Amino acid sequence: MIRLIAMRELRSLYAMPSTWFVLAVLQFIFAWFFLARLEAFLEIQPQLAQLANPPGVTLTVAAPLFYTAALLLMMLVPMFTMRLIAEERRNQTLALLLSAPLSGRHIVLGKFFGLLSFLLMLIASLPLMLYTLALGTSLDHGLLLANCIGLLLLTASYVALGMYISALTTQPIIAAIGALAVLVGLWLADIGAAAADSPWHLLSPLHHFQNFNAGLLDSADVAYFVLFTTFFLLLTMKRLHNNRVYG
Amino acid sequence: MSNATPEITLSARNLSRRFGSRQVIHDVTLELKRGEVLGLLGHNGAGKSTTLQMLTGCLLPDSGEIDICGFDLRKQPTLAKAHLGYLPETPPLYRELCVHDYLTFAARLRGVQSTVVPDALTQTLQRCGLDSVRQKIISTLSKGYQQRVGIAQAIIHNPAVIVLDEPTVGLDPTQIRDIRTLIRELGNAHSVILSTHLLNEVESVCDRVEIMQHGRLIYGDSSVRMQHYGHVSGFIISLRHPPALSELEAIPGVSRVEQLSPGQFRVFHAQDDNTGSLLLSMAAQQGWQLEQLTPLHATLEDVFVKITGEETARTGALK
């Protein structure tokens, strides 16, 4: 059932021209940024070579690329999550799901995995692009893997948050603005806090991504993302149930 | 099935529901048997859609119980809902999908095995007259076809109980006739409950009627008997050379005569009387030159207005 709903979500996404447009534009941005970083690296390579322990190509090209992707996704994910439940409610298709023999858990997880798998396809081009560098040089696979896992967890947390906000309203556009406001708010709380040990840092998903970005797999960060995602998924299920209670 | 009492597929007991401080549904009790079409009749805002939403699990009642094919909707929702097909007021269509994909999704969602889906799909497309549009995107279809797709998703899994909320709204007369024939056909093997404010819909498709007003069921009977409710015996009679009003009133059995126009009268008489033939022979004898003699027939509309009017008067008197 979860798979069925996820597949329906994907089918609807691919039926919309705007999806393909966003896909194309995003690939262009990734590619352009990748090439720009690569060019900068080639320019400073002679100077780097004089250092005792020079940073490699993975750290100078891949890490900033992943960080840019994380920032872009913060703006982009709300555009996709806004439709998840708000549009079902507006088009009154929610009645089909609510009167079908499945629980709120199936609906929420189906939609979550549906959109997540779409976004994974979208960001899968990043490691593919970076692995073309392996033709000319050796790469730091550990760093790449940490970044991939980090970006996956980050995207999952964005989707869960966006879906919850989508479940609160009937207007997709309000869901998009709401999710964007919360995500940017969390980000600003992170970069606005001056002290390094400020508790504000701990709230922000992007702050927890920075360790992954530097190639550090910290179980505390993983736990943060898992808890963040689960929390909002549970809230969404609760909200969907309230739909039946309050009408 | 040969046993005398058909199985009860849906039963709702003492449903009530409030939105905020407003009590919308008061103590509604309904029962539906297999092979029966029940019409839920009422003014706009009488609580028809809310009742249907509760019956399909889209809205939880504040109190009361709903059983579908013996499964409690609150305690075993998945088992109960598997026997349910629901068409809400606005058909729940994913407009970006094509008819084929959408109906396949609807069937799988209701637990139809993937091996059986093609057969179910072919049968449903044929039943709802959707064969010619199966590959079309739903948003490009006309309103009538979209409504048919809505009905198709409600019946594709062959459910025991079909709930239709105003199924013929916004359709043209031919489509309305087709849909009614389909509902009648469905009513033979399944249980259908439909809400409507169109009285001729009830007349043509429903076996039984429940009238709803201000969230209460105020009248329930078979639709044939409902038409006899408050039935009056009488004729409308047109005469070329009419006699005086008093002469007509003097005919034995006639209780009251109203003059509609110089040559036309409305004649009321006691029930089961032979006044009709008496009137005919009188007209022939006296040379009144009868042009027309039509028995008075209470339309469903009259009955509906009468029942809801009586109820309003009664509740008004109570207050």
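Two residues are in contact here if their C-beta atoms, placed from the backbone, lie within 7 Å. With that term in hand, I turn to the structure.

This is a predicted model, in which local features need pLDDT of at least 70 and side-chain atom pairs count only at pLDDT 80 or more, while totals for chains, interfaces and linings use all residues. Residues are numbered from 1 along each chain as its sequence is written, and chains are lettered from A and ligands numbered from 1 in the order in which they are written.

I begin with chain A and its helices. Helices (H or I, at least four residues) and strands (E, at least two) are DSSP runs, numbered from the N terminus. Helix H8 (residues 141-167) of chain A and helix H9 (residues 172-192) of chain A have axes that come within 8 Å and cross at roughly 135°. Such axes are lines fitted to C-alpha atoms, for helices over the stretch in contact, and angles run from 0 to 180 degrees between N-to-C directions. H8(A) and H9(A) are therefore oblique to each other; angles under 35 degrees count as roughly parallel, over 145 as roughly antiparallel, 65 to 115 as roughly perpendicular and the rest as oblique. Which residues of H8(A) meet H9(A)? They are Tyr158(A), Leu161(A), Gly162(A), Ile165(A) and Ser166(A), and their partners in H9(A) are Ala175(A), Gly178(A), Ala179(A), Val182(A) and Leu183(A). This contact of H8(A) with H9(A) divides into seven nonpolar, three polar and no charged residues. For these classes, Ala, Val, Leu, Ile, Met, Phe, Trp, Tyr, Cys and Pro count as nonpolar, Asp, Glu, Lys and Arg as charged, and the others, Gly among them, as polar.

A further pair in chain A is helix H3 (residues 57-81) and helix H11 (residues 205-213), packed at an angle of about 160° with their axes 10 Å apart. H3(A) and H11(A) are therefore roughly antiparallel to each other. Ala63(A), Phe66(A), Tyr67(A) and Ala70(A) of H3(A) make the contact with Leu206(A), Phe209(A) and Asn213(A) of H11(A). Its residues divide into six nonpolar, one polar and no charged.

I now move to chain B. Its domain assignment, automatic or from a database, gives domain 1 (8-226) and domain 2 (234-295). The C-alpha centres of these two domains of chain B lie 48 Å apart.

Six strands of chain B form an open sheet in the order S6-S7-S8-S3-S9-S10, with mixed pairing; two strands pair if DSSP finds at least two bridges between them. At the edges are strand S6 (84-87) and strand S10 (216-222) of chain B, each pairing on one side only. Within this sheet, five bridges join S7 (residues 161-165) to S8 (residues 191-196) of chain B, and these strands run parallel. Helix H6 (residues 173-189) of chain B lies across S3, S7 and S8 of chain B, at about 145° to S8(B).

Another open sheet of chain B has four strands in the order S2-S1-S4-S5, with antiparallel pairing. Its edge strands are S2 (22-33) and S5 (71-72) of chain B. Helix H1 of chain B lies across S1 (8-19), S2 and S4 of chain B, running at about 120° to S1(B). H1 (residues 48-55) of chain B also lies across S3 (37-42), S7, S8 and S9 (208-213) of chain B.

Finally, where do the chains meet? In total, 26 residues of chain B are in contact with 19 residues of chain A. Helix H2 (77-81), S6 and helix H3 (99-109) of chain B each give two or more residues to the side of chain B that touches chain A. The largest share of that side, five residues, comes from H3(B).
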